[in-house]
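Please look over the structure below before reading on. The report then takes up a loop, a set of strands, an interface and several charged pairs.

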Protein chains: 4
Amino acid sequence: MTISDRYDPGPQLAHAGTIDLGTKNLERSLWFFRDILGMEEVERVGDTAYLRAYQELGHHSLVLTQQDDAIVNSYGFRVKRPQDVELFNEELQRLEVETVEVPAGSERGRGTAVRFLVPGGDHPFELYYDMDRPQAAEGLRSKLPSNSSTRRGLGVRRLDHFNVQTSPSTINEAEQWVRENLGFKRREFAYLPDSPSTVMASWMSVTPQMHDLAIVANRDEKSGQLHHLAYNLENMSDALTAADILRDLDVSFGVGPGKHGIGQAMYLYVHDPGSDHRVELYAGGYLIFEPDWEPIEWKPVDFPEGLTWYGDPIDVSPGSRGRDTTGSASL
Amino acid sequence: MTISDRYDPGPQLAHAGTIDLGTKNLERSLWFFRDILGMEEVERVGDTAYLRAYQELGHHSLVLTQQDDAIVNSYGFRVKRPQDVELFNEELQRLEVETVEVPAGSERGRGTAVRFLVPGGDHPFELYYDMDRPQAAEGLRSKLPSNSSTRRGLGVRRLDHFNVQTSPSTINEAEQWVRENLGFKRREFAYLPDSPSTVMASWMSVTPQMHDLAIVANRDEKSGQLHHLAYNLENMSDALTAADILRDLDVSFGVGPGKHGIGQAMYLYVHDPGSDHRVELYAGGYLIFEPDWEPIEWKPVDFPEGLTWYGDPIDVSPGSRGRDTTGSASL
Amino acid sequence: MTISDRYDPGPQLAHAGTIDLGTKNLERSLWFFRDILGMEEVERVGDTAYLRAYQELGHHSLVLTQQDDAIVNSYGFRVKRPQDVELFNEELQRLEVETVEVPAGSERGRGTAVRFLVPGGDHPFELYYDMDRPQAAEGLRSKLPSNSSTRRGLGVRRLDHFNVQTSPSTINEAEQWVRENLGFKRREFAYLPDSPSTVMASWMSVTPQMHDLAIVANRDEKSGQLHHLAYNLENMSDALTAADILRDLDVSFGVGPGKHGIGQAMYLYVHDPGSDHRVELYAGGYLIFEPDWEPIEWKPVDFPEGLTWYGDPIDVSPGSRGRDTTGSASL
Amino acid sequence: MTISDRYDPGPQLAHAGTIDLGTKNLERSLWFFRDILGMEEVERVGDTAYLRAYQELGHHSLVLTQQDDAIVNSYGFRVKRPQDVELFNEELQRLEVETVEVPAGSERGRGTAVRFLVPGGDHPFELYYDMDRPQAAEGLRSKLPSNSSTRRGLGVRRLDHFNVQTSPSTINEAEQWVRENLGFKRREFAYLPDSPSTVMASWMSVTPQMHDLAIVANRDEKSGQLHHLAYNLENMSDALTAADILRDLDVSFGVGPGKHGIGQAMYLYVHDPGSDHRVELYAGGYLIFEPDWEPIEWKPVDFPEGLTWYGDPIDVSPGSRGRDTTGSASL
């Protein structure tokens, strides 16, 4: 009996694991994620495709579903133990949060999940534990056992994080809720300049990453919006190569490359031409191993430098908002 | 009351935090770690210097102590909660492992630690929680709150891991002991070719890093040996720059640069010219967020590719051993 | 007798070789070029310092002269043969361009030069052949015979090019003059949007580099202005490292990093804090080996993409001009 | 009339331009060069394919010809002026070197060439001037006018150099002949350890590259052998990415990645699986603009460091020779 067997840490999230994106043009989205970013199409069932990046051993991290509304159908988080799905379900009921059981296999390769909308945020979260680990097709398989397939395309290697938008009127509730009930820790954050006790942006994690989840205030007062999902690249120079190639293709460029002061990672925002969802190619960043990390607050005067330490500047002026992002499914 | 307040995870390690290296030539070691690698000399007390890398906010990760024997005086691990130092102490006594209390401040900036020798390994481990967070001197201070100082020299940014050597006759005991009693998880490993149930090398972590600690079999049947300590670089290209510069300076080159198949990180091994300890400059690698990670076993036929996926090959032939490494202090 | 001995190619320029910058604060300029960019201070004579980058074997590429006006004292070009200095002198007199002989050693380490102002541009050019090749001081010397010293600081390795500004009213004359009389070839160029037969910018070279010299139209109708001088970095990732470090130091950032579509090189513009001259750190780019290269014309609609293919965008709007640059010495 | 119009530089080579490789398996060679390295297949005529890299505007740099002998059919060099093909032909006849006229279009897209075997080396050289500049197919075309197509695959961007092998008994003759009659300049070189006036290796160029052509002594006393052809990558980190991917594919790895001390460039040697020819992926390196460059001699004691400054070491021991390379076509 080891020391950890004598204690019970309770239910915990392990990491951001899956996202199900609606797309109006599945073939175009597959061209982007599979042929350009280099992901593996593990399985296709009707109008739904399952993809993973080369360093992911599980069945998928990305689900692309052809549908009329290019919304996000779910954000999936893996839990740490098999029993944690049910333990979280009980906890949610105790908190009077409505839940739905998503049966095993309704998302191919994945076990039973508990689904709910984040209170205050309306983002459809799904918590699951089981995930198949299929081998890649023979021609794609990597010789390295820690990779599922060979590196291809722009070389995205794993899902990194989600960035979601919530109305300023409920963002504090949503941000506090995920911290208190899902175990997210606040790592860096900023308040709205004109409402200094309202969260403008909060970067949070259940892992040593600076963030697995960011919640940011939506200018249009809408909750349940995706700002972007991020895939991880091995090196910052990979973001330069990606920028070079994407500039030359029919892919809508958002902003980047540049380096965030917040999180110290390289960013490049582009849009999936099939779904128009914003995708960040993300590289580097610092890891937080300190258990007593003090959240870093960014004051308005420093915020531009926090968004863009160097490189293509992210516009934070009131007038700017970039492309409108699409929403999320209901429960 | 948040969900995590209702459970007790027990005492846990947070990360590899400090190493105290004996050196016969403190000035030469300072030239190497401070002037070439780019670390900050935070404090000097007599013949002892305290250094940290630019992304470390704590008082130090490296202690250089001028002494006749260039041995390792201690390997320090930070624990997750203040009470975990005492909880581990109690656990060690329950296990009949002799412990010594290291008073707060005997290592400057650090709180009380419990010290013991790893059973089977004889490596002097120290577990602590408290660590001061001094600001860097004004000229060195970074504008980024997640960095203590500006990037300088070869740009090492944080302590990454320890690799220690143990006699093959006790390595299984030591490796099992740290897993069962300190919470290390085996991530990748290999057995000795001619003794297939004896660990040749085991890479283990308490964090999502592939390893915070590796234990490898010592060819000379000695326990308590350091193989190397590793500092982390931001990008793989930084390892090329480091190789370029170190080749041109009076620094003894071990092996590298190259990329490990095991862990997928870039390596460059050099020797501190003051102490002759082996130091790895380490970049990249994959992170493990899966709670049910299945340890990867490397068979002898694949092991060379595991050590060197590409680049300067690490010699694994029986005759090779590189430079003899120095030992560890006793309790 | 080899084949080339039977022909006479006439006087030719070999490459951009030296620049003499006036600075109001020599110590601050030395901090920037020597301590941060990593150049070697080869010699100091009174208030004048001579520096070279680690891949330059000649005595210097940069002269820093303490003086009240932070202007450019000269742009030096090396010629291909010893007799070419005098042959160019004769040619200039034939063209009725006033010349001055700069005696050997008045710029330390350099032989006799012929000095003149570019007709239409008023930029003080000096053509020379002889240049000493001193060894670096022992501690700095590289083991590689193709490098004069070890790589240090941000790793600038050689002078790359000059970018000078000229009044729109005479820019066509200046640009044509250097092509016809100094052998520069036009590689890429653009006309002014509102004056489509007036050169807005012309990138020219006597080497396979895309440009050794650029002439651009000055918004204030002034000739004889420096826009920037550029030093070359080995890799694009070096520009990211430089940006990271310079952001954290007391160095005025211009624009960058980003990649030019014109020339396909990475750029980072900063200001020498001693002289306020703009310095570009430049990496990559394509080489032109084709003898019949057709100059690439950039139309106004494509010009923004030509300046910034990706990264921090260079502002080309009429209102922008960045920091005013300083002028040049007279004959 | 510009200054250069008043002089005649005589016939000169512009750059290494084309190579025609025999391959026993055209489809496999196309998989390698087109699908993996990322070259464009511009045209196919029967069993012959024409390819170019993304930064090459001419019709092709690589010809792949299906044939029983995987030898090199020709090494093509472009000359500087249209008349230089005939001027070189006259010069060769004056030197009593047998020549053959290769009619325009027999290599698609290329004009008339003069073909001969290098005296002492037996390498089939072809000198040409005219080369078509077709646009790439619409889906491949780059937005950048200095690129013919978008960057794809491992991102080779242009032919860089040839490295050919010659018998030690005639290497001095061959090396001297190309310098005296084709204008190559010796940049770096070494003599055979046991025959100190016989060239072991000579790196030569007609451009500022450190070498466009290397001639090295063949251990088997054979002339007319290819050692390797090299394609250029934009950055050193691209060689790491290439190594990572090629390790995982069914491609025979030679040696690398590593950095040459000679030339200061990153190398990675692999074998085209169709033809077994050795191909170097090459990045970085220094440029020589000095007209009076003094060739660097590498003594035997320093030669290993010259071949491998850092990284996977190139074996220079007498017993090693790597894979036998194939020969060249006759006149």
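## A threonine in a loop

D:Thr207 sits in the loop of chain D that runs between β11 (195–205) and β12 (213–217). Helices and strands here are DSSP runs numbered from the N terminus, helices being H or I with at least four residues and strands E with at least two. This is a predicted model, in which local features need pLDDT of at least 70 and side-chain atom pairs count only at pLDDT 80 or more, while totals for chains, interfaces and linings use all residues. Residues are numbered from 1 along each chain as its sequence is written, chains are lettered from A and ligands numbered from 1 in the order in which they are written, and side-chain values use heavy atoms, with hydrogens and water left out.

D:Thr207 has a relative accessible area of 4%, so it is buried. Buried means under 20% relative accessible area, exposed means over 50%, and partly exposed lies in between (1.4 Å probe, protein chains only). A polar atom of the side chain of D:Thr207 lies 3.0 Å from the backbone nitrogen of D:Gln209. The side chain of D:Thr207 also makes a polar contact of 2.9 Å with the side chain of D:Asp212. A polar contact is a pair of N or O atoms within 3.5 Å; within protein, one must be able to donate a hydrogen and the other to accept it, and residues adjacent in sequence count only if both atoms are side-chain atoms.

Which residues are in contact with D:Thr207, leaving aside its neighbours within four places in sequence? They are C:Phe289, D:Ala14, D:His15, D:Arg187 and D:Asp212. Contact means heavy atoms within 4.5 Å.

Strand β7 (residues 113–117) of chain D has 4 of its 5 residues buried. Strand β6 (residues 100–102) of chain D pairs with β7(D) in the antiparallel sense over 3 bridges. Two strands pair if DSSP finds at least two bridges between them. D:Val100 has D:Arg115 as its bridge partner in β7(D).

Strand β8 (residues 124–128) of chain D runs antiparallel to β7(D), and 5 bridges join the two. D:Pro124 in β8(D) is the bridge partner of D:Leu117. The hairpin of β7(D) and β8(D) has 6 residues between the strands, and in this hairpin D:Gly120 takes a positive phi near 90°.

## Where chains A and B meet

Chain A gives 51 residues to the contact and chain B gives 51 residues. About 4600 Å² is buried between chain B and chain A, with 57% of it on carbon and sulfur atoms. B:Ile3, B:Leu144 and B:Phe289 supply 14% of the area that chain B buries against chain A, more than any other three residues. Buried area is the accessible area (1.4 Å probe) that two parts lose on being put together, summed over both.

There are 10 salt bridges between chain B and chain A. A salt bridge is a side-chain nitrogen of Lys or Arg within 4 Å of a carboxyl oxygen of Asp or Glu. One joins the side chains of B:Arg6 and A:Glu91, at 2.4 Å from N to O. The interface of chain B and chain A also has 23 residue pairs in polar contact, both residues being at pLDDT 80 or more. On the side of chain B that touches chain A, α2(B) gives the most, with 3 residues.

## Charged pairs

How many salt bridges are there over all chains? The count comes to 96. In one of these, the side chains of B:Lys259 and A:Glu234 meet at 2.9 Å, N to O. This pair crosses between chains, from strand β15 (residues 258–259) of chain B to the loop between β13 (225–233) and α4 (236–248) of chain A. B:Lys259 counts as buried because its relative accessibility is 1%, and A:Glu234 is buried with a relative accessible area of 8%.

Within chain C, the side chains of C:Arg52 and C:Glu40 form a salt bridge (2.8 Å, N to O). C:Arg52 lies in strand β3 (residues 48–52) of chain C and C:Glu40 in strand β2 (residues 40–45) of chain C, so the pair ties together parts that are 12 residues apart in sequence. Both C:Arg52 and C:Glu40 are buried.
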